[in-house]
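Please consult the sequence and the model shown here.

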Amino acid sequence: MKVLYTIKDIKEELAKVRSENKTVGLVPTMGALHKGHISLVAKAKTQCDVVVVSVFVNPIQFNNQHDLETYPRTLDEDVEKLRNADCDIVFAPTVEEMYPTQPTEKYSFGILEAVMEGIRRPGHFSGVAVVVRRLFDIVEPNKAFFGEKDFQQLAIIKNLVQQLNYGIEIVPCPIIRADDGLALSSRNTRLSSENRAKAPKIHATLARAAEELMRTMSVADVKKWVMDVFAEDPAFEPEYFEIVEDLTLQPVADWNAANGIVGCIAVWMDDVRLIDIIRFK
Ligand code: AMP
């Protein structure tokens with residue numbers, strides 16, 4: 001496995017790969033890798049000859065300075081995990097390498113960003129798009145792998161590829177959870193032990209809504225029930241819970257309004273913001 005830090009080095013390496021007619025898969029990450037990330041690498045390995053994992057904490061997608069400063073950075077451990085996962089190339093640029101000058105380009109995603117994360121984290125998805133486009137231009141992958149945990153991000157990236165008319169296939173990957181149901185996230189390491197013990201309630205609540213309550217309750221009542229569960233527990237501060245159509249991300253009024261419906265939640269536990277999703281149908 002090669003660990004490369006500069007755009008020049010990775011482009012040279014990938015030129016060799018492409019001259020051998022090998023396909024390239026890209027897994028963009030911000031590091032602090034866990035089994036969720038590794039599952040993306042494993043999927044990429046089954047579909048591409050050469051797998052590139054980028055590790056880059058992208059400052060321009062953080063709209064909260066505290067979150068950026070406390071974001072875990074564990075490159076040595078990440079490299080070890082990627083070696084064990086049979087990754088081929090790690091790309092770990094510095095901020096100066098990715099952004100020699102402050103990026104000025106902006107991306108818009110219409111209705112896809114007029115909901116959920118888009119309205120609560122201004123500039124976030126434009127910042128994601130800037131870095132993902134640069135990674136696409138550097139790596140020129142055949143396929144890129146993204147987790148369904150960041151459900152809105154996945155829709156945004158698919159839209160970005162259409163906007164740019166790039167021929168990159170975006171491959172969605174299912175959420176990997178801890179044994180107690182908590183969706184794995186790099187931010188979980190910042191939870192206090194008390195909050196970590198209570199955090200599985202997020203998935204448990206959403207699972208009950210999807211497996212049981214949707215049979216007897218309206219969309220509006222399920223939404224209210226979920227928000228109330230967290231509002232009534234002092235360990236949690238719910239930010240939103242939306243029940244949306246899976247392609248357009250627009251809220252649905254009833255369970256028959258769309259073929260695919262997912263619930264997306266963001267909750268705070270002290271200063272840690274956790275997101276999760278559940279599929280209703
Ligand atoms: P991040 O490092 O948080 O930017 O995540 C990098 C990629 O890993 C994104 O495509 C995420 O959606 C994906 N990812 C993060 N956590 C999980 C998880 N628990 N299961 C599956 N994919 C995940």
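Which residue in β6 is the bridge partner of Gly-147? The partner is Cys-173. The model is predicted: local features require pLDDT of at least 70, side-chain atom pairs count only at pLDDT 80 or more, and totals for chains, interfaces and linings use all residues. Residues are numbered from 1 along each chain as its sequence is written, and side-chain values use heavy atoms, leaving out hydrogens and water.

**Sheet**
- Six strands make up an open, parallel sheet ordered β1-β4-β3-β2-β5-β6; strands are DSSP runs (E, at least two residues), paired if DSSP finds at least two bridges between them.
- At the edges lie β1 (2-4) and β6 (169-173), each pairing on one side only.
- On average, neighbouring strands of this sheet are turned by 25° against each other, direction ignored.
- Five parallel bridges connect β5 (residues 143-147) with β6.

**Helices on the sheet**
- Helix α1 (residues 7-19) touches β1, β2 (24-29), β3 (50-55) and β4 (89-91), and its direction makes about 150° with that of β4; helices are DSSP runs (H or I, at least four residues), contact means heavy atoms within 4.5 Å, and angles run from 0 to 180 degrees between N-to-C directions of axes fitted to C-alpha atoms, for helices over the stretch in contact.

**Aromatic pairs**
- The whole structure contains four aromatic pairs, defined by ring centres within 6.5 Å (planes under 30 degrees apart are stacked, over 60 edge-to-face, the rest tilted).
- Phe-62 and Tyr-71 are edge-to-face, because their planes stand at 80°, with centres 5.6 Å apart.

Terms used: Phe/Tyr/Trp six-rings, centres within 6.5 Å; stacked < 30°, edge-to-face > 60°.
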